[in-house]
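Hello,

Here is the structure we talked about. Please open it alongside this note; what I found follows below.

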Amino acid sequence: MVKLVLVLGDQLTPTLSALDAGDPDKDVVVMAEVADEASYVPHHPKKIAFIFAAMRKFAQKLQDKGWTVAYTKLDDAGNTGSITGELIRRAEEHGATDILATEPGEWRLITALNELALPVTQHPDTRFIASHAEFETWAEGRKELRMEWFYRDIRRKTGLLMDGDKPVEGKWNFDHDNRKSAPKSINYTGPMQFTPDDTVEEVLTLVETKFDTNFGALRPFWFATDAGQAQRQLTRWITYALPHFGDFQDAMMNEEKFLYHSIISFYINAGLLDPLEVCRQVEQAYLDNYAPINAVEGFIRQIIGWREYMRGIYFLEGPDYTTRNVLGHDRDLPAMFWGADTKMNCVAKTVSQTADEAYAHHIQRLMVTGNFALLAGIDPQQVHEWYLAVYADAYEWVEAPNVIGMSQWADGGIVGSKPYVSSGAYIDRMSDYCKSCAYKVKNKTGAEACPFNLLYWDFLIRHRDRFSNNPRMGNMYRTWDRMKDDRKDAVIADAQKWLDRLDQGEAV
Ligand code: FAD
Ligand code: DLZ
Ligand code: SF4
């Protein structure tokens, strides 16, 4: 009996569990570009183009290997517009009665597949290092789910950077060495840029026609769209940038979008690169004495630590995770997130590079746009939908814990023991943004004061009851308490004035 094998746009991996469970001689692979997936948030055009182009190339690869692939293009006549609709249509067409799937990375689709009229077997996504059961076992009975402890278990499990049962060089974490501020210049020209071939060009024309009002620039389009190209980017990065990755991991620069970052999250998350294999290649650079331990450990921790941990949290916490709003924030996301004018140089730079590339690095996401949204009290669900839309690596399983948890503290501290908030001083220390900003980072009050300086205190005071007993935040409150009353009054009044202008739609 014929079965359908569903392959989603972020499941472009030859060893996918659903493909392993199918029979290339009998079964039919279903892949579909559908309106529902392309519009559940207004995805960045580069993200849509990347996924469609990579899907088309992956479908061709499967065909070359002997699979029958029922591929639906977005503008095909008969396209039902949803994954479930396409499964039903293809089941009728091929007389299939069963569907094999790999568990999607979003509750919405998991539920839709569970509710389908046809029987669907959802196989575990074995591209991750920790299974749901392993994460649940690790989490069980713990008071706090701190990533660092989970990460150590995964180091032991994979043997990465291990010397027997001890971490190499005697330490698990070298983050202390990874906080250098912005250098004068960067000795790396960024990710490999691929000229669109005929397949990519056809997709670009389609995306241009159908998604012309979405936020972000489609062209120039330079992403890798198959596994070979993605590996070339990884090799280029290991060769030219990895040795510097650790040092400048947290730095931000006006004229540098990519610094020494790997720019492989699009590719890993879509399935073009295998996370463990990526880590093994990076570990090899350390074993060959090519890259220092702080760079290599820092990078491997992002993948086997943070990436796996975020997925664990998403599935542990369940479908309501994205709606959490422990701090009760309800301000609308301001137009500056969609490219409207702002005088805040750090926000303007982060948003404009996001519009250009569907990419911003971790610290820009966390300490510029995320920090601002949290301090200003923006509705976390709107923040979540923005991140899900604008970044080419954003799928709910990884985006939501990063945004709802790490960045907005809307989950009440499951991901972060304290909120990631800072005044302008942090941004000034880690970037060259403040030098060319209309605001003055040294000013703590007044019309020219950096808004981060005002909003930082406003946030801490608004949430004093919740945070003043947090041992990691006591210093902040002690600093506030030592300030003169007239200074405190000025900070809070100026913060309110600034927020009022934001609410009135002024280009603040
Ligand atoms: P590098 O800086 O070179 O890091 C290497 C790799 O580590 C990344 O490719 C990624 O696979 C992994 N990684 C690093 N940090 C994280 C993390 N916190 N969570 C998961 N993986 C991580 N990452 C996504 O993949 N998708 C998202 O939707 C996403 N949303 C984010 C939202 C916020 C508010 C924040 C603070 C972070 C978010 N991240 C997300 C994590 C991180 O910003 C990106 O993984 C990283 O910027 C991708 O760029 P890179 O490949 O150059 O990464
Ligand atoms: C993100 C995305 C987009 C834009 N389009 C499609 C699509 O047309 N077809 C498809 O199979 N997948 C797409 N995706 C990826 C899915 O949204 C993703 O599989 C789920 O969000 C689960 O992670
Ligand atoms: Fe951002 Fe404030 Fe610096 Fe301006 S002064 S770039 S708003 S941190």
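**Domains and their contact**

The protein splits into three parts: domain 1 (3-123), domain 2 (132-190 + 241-317) and domain 3 (335-503). Keep in mind that this is a predicted model.

Domain 2 and domain 3 have C-alpha centres 25 Å apart. Their contact involves 30 residues from domain 2 and 34 residues from domain 3. Together, domain 2 and domain 3 bury about 2,800 Å². Carbon and sulfur atoms account for 62% of that area. On the domain 2 side, look at Met 252, Asn 254 and Lys 257. These three supply 28% of the area that domain 2 buries against domain 3, more than any other three residues.

**Ligand 1**

Which domains build the shell around ligand 1? Domain 2 and domain 3 each give at least three residues to the shell. There are 27 residues around ligand 1. His 261, Ser 262, Ile 263, Asn 269 and Tyr 359 come nearest.

By type, the shell around ligand 1 holds 14 nonpolar, nine polar and four charged residues. Four helices each supply at least two residues to it: α11 (265-270), α13 (293-317), α15 (362-376) and α17 (396-407). The most come from α13, which gives six residues.

- His 261: a polar side-chain atom lies 2.7 Å from an oxygen atom of ligand 1.
- Asn 269: a side-chain N or O atom is 2.8 Å from an oxygen atom of ligand 1.
- His 362: a side-chain N or O atom is 3.4 Å from an oxygen atom of ligand 1.

On its own, ligand 1 has 810 Å² of accessible area, and the protein covers 99% of it.

**Ligand 2**

Ligand 2 has 19 residues around it. Asp 10, Ala 32, Val 34, Glu 37 and Glu 106 come nearest.

Which backbone atom lies 2.8 Å from a nitrogen atom of ligand 2? It is a polar backbone atom of Ala 32. Val 34 also uses its backbone: an N or O atom there lies 2.9 Å from an oxygen atom of ligand 2. Tyr 40 uses its side chain, with a polar atom 3.2 Å from an oxygen atom of ligand 2. The protein covers 100% of the 500 Å² of accessible area that ligand 2 has on its own.

Best wishes

Conventions. Residues are numbered from 1 along each chain as its sequence is written. Chains are lettered from A and ligands numbered from 1 in the order in which they are written. This is a predicted model: local features need pLDDT of at least 70, side-chain atom pairs count only at pLDDT 80 or more; totals for chains, interfaces and linings use all residues. Side-chain values use heavy atoms; hydrogens and water are left out. A residue is near a molecule or strand if one of its heavy atoms lies within 4 Å of it. A polar contact is a pair of N or O atoms within 3.5 Å; within protein, one must be able to donate a hydrogen and the other to accept it, and residues adjacent in sequence count only if both atoms are side-chain atoms. Accessible areas come from the Shrake-Rupley method with a 1.4 Å probe; for residues, only the protein chains shown count as cover. Ala, Val, Leu, Ile, Met, Phe, Trp, Tyr, Cys and Pro count as nonpolar, Asp, Glu, Lys and Arg as charged, and the others, Gly among them, as polar. Domain bounds come from an automatic or database domain assignment. Contact means heavy atoms within 4.5 Å. Buried area is the accessible area (1.4 Å probe) that two parts lose on being put together, summed over both.
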